[in-house]
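Let's take a friendly walk through this fold, one piece at a time. Have the structure open beside the text as you read.

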Amino acid sequence: MDYIEALILGLVQGLTEYLPVSSSGHLQIGHRLLGIEVESGLTFDIVVHVATVLSTIVVLWKEIVWLFVGLFKPIAPVGTTPQSGLWSRLNDEQRYVLKIIVSMIPIGIVGLLFKDWVEEAFASDLVVGVCLLVTAFLLAFTYYVRPKEKKEISVRDSFIIGLAQAAAVLPGLSRSGSTIATGLLLGNSRQNMAQFSFLMVIPPIIGEAILDLRHLVAPSEEYLMTHVVEETIPFSVLLIGFLAAFVSGCLACKWMIALVKKCKLIYFAIYCAIVGSLVLIFF
């Protein structure tokens with residue numbers, strides 16, 4: 001991998017991680033167009049994933065600080081709230097964090113038990129093309145179907161949105177597109193989903209990087225038998241990829257939050273439909 005390829009793939013990762021067009025699908029397309037073996041870029045993929053996590057933290061640092069400060073506040077004593085249940089005694093920040101944890105359950109199960117199998121079984125251009133079309137359908141559906149908005153995201157909604165995130169392990173099925181579309185179809189406001197969908201994605205991306213890291217630190221015999229031995233990528237190349245993913249991730253995250261609030265996802269539906277069709281025709 002050279003500097004130009006690192007720059008291109010870093011930009012692709014940073015932009016598509018937050019825009020509802022599927023980062024995994026676009027990275028697979030990018031690898032194909034540039035002639036790079038997917039297995040030979042595992043270190044690079046980890047680096048750019050970490051960069052996108054940092055970009056989210058930079059963009060949403062106020063919300064993250066708000067959650068951390070509120071999370072460690074004491075729980076209200078029994079009798080000081082209208083209801084005596086534990087949930088009613090928690091503050092807004094603690095309830096919000098618990099909803100994020102609930103949303104992580106499906107992707108945690110899939111990531112720990114089925115991640116490698118999914119990547120092996122569905123790493124094909126056909127799957128990418130079909131899933132991009134599914135993403136297009138979901139985004140278009142939210143444009144035309146707008147249920148009555150709720151005041152806040154419920155625990156039940158958090159779990160269902162988490163299911164959508166787990167399904168997005170399929171290459172071509174956008175993580176942000178699936179979670180935002182699902183949340184909107186459940187009746188949650190654009191404002192709430194713009195924040196929740198990006199905060200809930202931070203732990204899974206970190207977890208995904210850790211799971212991939214184990215293949216570099218202590219690869220199993222099965223992994224070595226089914227994957228190409230990774231080439232050594234120079235630090236300067238990794239740095240370029242990291243910076244490209246970080247800067248483009250910051251821009252894409254801010255842009256996407258604004259677009260969700262304005263309900264402008266139909267344009268991405270059209271884009272995904274076009275790219276998905278091209279993948280099915282030419283790849």
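Which residues does Lys99 touch, not counting residues up to four places away in sequence? Lys99 touches Trp87, Glu152, Ile153, Ser154, Val155, Ser158 and Phe196, where contact means heavy atoms within 4.5 Å.

Before going further, a word on what you are looking at. This is a predicted model, in which local features need pLDDT of at least 70 and side-chain atom pairs count only at pLDDT 80 or more, while totals for chains, interfaces and linings use all residues. Residues are numbered from 1 along each chain as its sequence is written, and side-chain values use heavy atoms, with hydrogens and water left out.

**The chain as a whole**

The chain holds 14 helices and zero strands; helices (H or I, at least four residues) and strands (E, at least two) are DSSP runs, numbered from the N terminus. Read along the sequence, the pattern is α-α-α-α-α-α-α-α-α-α-α-α-α-α. The chain has 283 residues, and 49% of them count as buried; buried means under 20% relative accessible area, exposed over 50%, and partly exposed in between, with a 1.4 Å probe and protein chains only. Among contacts between residues at least 6 apart in sequence, 83% join residues at least 24 apart. The accessible surface comes to about 14,200 Å², and carbon and sulfur atoms account for 70% of that; such areas come from the Shrake-Rupley method with a 1.4 Å probe, and for residues only the protein chains shown count as cover.

Is Lys99 buried or exposed? Lys99 counts as buried because its relative accessibility is 7%. Ile100 also has its place in helix H6, which covers residues 92-121. Ile100 is buried, with a relative accessible area of 9%, and it touches Leu67, Phe196, Leu199 and Met200, leaving aside residues up to four places away in sequence. Ile100 and Pro203 are 103 residues apart along the chain, with their C-alpha atoms separated by 9.2 Å.

**How the helices pack**

Two packed helices are described by the angle between their axes and the distance between the axes. Here the axes are lines fitted to C-alpha atoms, for helices over the stretch in contact, and angles run from 0 to 180 degrees between N-to-C directions.

| Helix pair | Angle between axes | Axis distance |
|---|---|---|
| H1 (residues 3-18) and H13 | roughly 25 degrees | within 7 Å |
| H7 (residues 125-144) and H14 (residues 266-282) | roughly 160 degrees | within 8 Å |
| H10 (residues 190-199) and H13 (residues 235-262) | about 150 degrees | 8 Å |

Angles under 35 degrees count as roughly parallel, over 145 as roughly antiparallel, 65 to 115 as roughly perpendicular and the rest as oblique.

Start with H1 and H13, whose axes cross at roughly 25 degrees. H1 is therefore roughly parallel to H13. Their crossing is right-handed; a crossing is left-handed if the near helix is turned anticlockwise from the far one by less than a right angle, and right-handed if clockwise. On the H1 side the contact includes Tyr3, Gly10 and Tyr18, and on the H13 side Ser236, Gly241 and Met256 are among the residues taking part. The residues of this contact divide into 13 nonpolar, seven polar and no charged. In this count, Ala, Val, Leu, Ile, Met, Phe, Trp, Tyr, Cys and Pro are nonpolar, Asp, Glu, Lys and Arg are charged, and the others, Gly among them, are polar.

H10 packs against H13 at about 150 degrees, so H10 and H13 are roughly antiparallel to each other. The crossing of H10 and H13 is right-handed. H10 contributes Arg190, Gln191, Ala194 and Phe198, and H13 contributes Cys253, Met256, Ile257, Val260, Lys261 and Lys262. These residues comprise six nonpolar, one polar and three charged.

For H7 and H14, the axes cross at roughly 160 degrees. H7 is therefore roughly antiparallel to H14. The crossing of H7 and H14 is left-handed.

Val260 lies in helix H13 and counts as buried at 1% relative accessibility. Beyond residues up to four places away in sequence, Val260 touches Ile180, Arg190, Ala194 and Leu265.

Leu19 sits in the loop between H1 and helix H2 (23-34), and at 8% relative accessibility it counts as buried. Leu19 and Gly177 are 158 residues apart in sequence and 7.4 Å apart in space, C-alpha to C-alpha.
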